[in-house]
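Hi everyone, thanks for coming. Let me put it on the screen.

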Amino acid sequence: TSLPSGVFDWLKSLTYLDVSNNQLTSLPSGVFDSLTSLVSLYIDASLPCYPPIVSGRYLDFTPSSICCATGTYSSTGAEPCSTCATCGTGTYETVACTSTSNRQCDTCATCGTG
């Protein structure tokens with residue numbers, strides 16, 4: 001279960017939000033962006049991760065990491081997400097980029113004859 005995008009858009013003066021103890025399994029990216037007065041946010045540990053939240057606010061949440069968008073990662077589980085590395089010419093991907101780890105590349109080797 002998830003919250004629809006824009007569900008909090010009309011609550012610009014909201015300072016406290018508790019979305020714990022529910023059946024949420026995901027939160028859409030940017031779901032809290034319109035809550036510019038938010039001071040306290042409580043998110044349940046049932047969520048494996050949470051979307052990036054505007055910094056500079058005191059927030060309390062239990063999930064251990066943010067959910068990074070496809071093509072980005074956060075090795076510490078904290079903001080911000082970084083763009084995954086690109087394997088350049090003469091290299092190939094040895095480990096794919098995930099939301100918690102960067103892509104790893106290795107140099108291509110050519111085989112000799114025989």
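Predicted model: local features only at pLDDT ≥ 70, side-chain atom pairs only at ≥ 80, totals over all residues.

The torsion about the S-S bond is -85°, and the link of Cys87 and Cys105 is left-handed. The two sulfurs sit 2.0 Å from each other in this disulfide. Cys87 is in the loop between strand 5 and strand 6, while Cys105 belongs to strand 7, so the bond ties together parts that are 18 residues apart in sequence. As for solvent, Cys87 is partly exposed at 22% relative accessibility, and Cys105 is partly exposed too, at 34%.

How many disulfides does the structure hold? There are two. The other one joins Cys84 and Cys97, with a sulfur-to-sulfur distance of 1.7 Å. Its torsion about the S-S bond is about -45°, so this disulfide is left-handed. Here, distant parts of the chain are linked: Cys84 comes from the loop between strand 5 (82-83) and strand 6 (91-95), Cys97 from the loop between strand 6 and strand 7 (104-107), and they are 13 residues apart. Both Cys84 and Cys97 are buried.

Cys108 is partly exposed, with 43% relative accessibility.

Let's step back to the whole chain. The protein has seven strands and zero helices, so if you read the elements from the N terminus you get β-β-β-β-β-β-β. Of its 114 residues, 28% are buried. The accessible surface is about 7000 Å², and carbon and sulfur atoms account for 53% of that. Among contacts with a separation of 6 or more, 27% are between residues 24 or more positions apart.

In soluble globular proteins, nonpolar side chains tend to be buried together. The largest nonpolar core here has 11 residues, including Phe8, Leu17, Val19, Phe32, Leu41 and Ile43. Which elements give two or more residues to this core? They are strand 1 (16-19) and strand 2 (40-43).

Methods: Residues numbered from 1 in each chain as written. Heavy atoms only, no water. Disulfide = S-S within 2.5 Å. Helix = DSSP H or I, 4+ residues; strand = E, 2+ residues; numbered from the N terminus. Buried < 20%, exposed > 50% of the residue type's maximum accessible area, 1.4 Å probe, protein only. Core = buried A, V, L, I, M, F, W, Y, C linked by side-chain atoms within 4.5 Å. Contact = heavy atoms within 4.5 Å. Areas by Shrake-Rupley, 256 points an atom, 1.4 Å probe, with all protein chains shown as cover.
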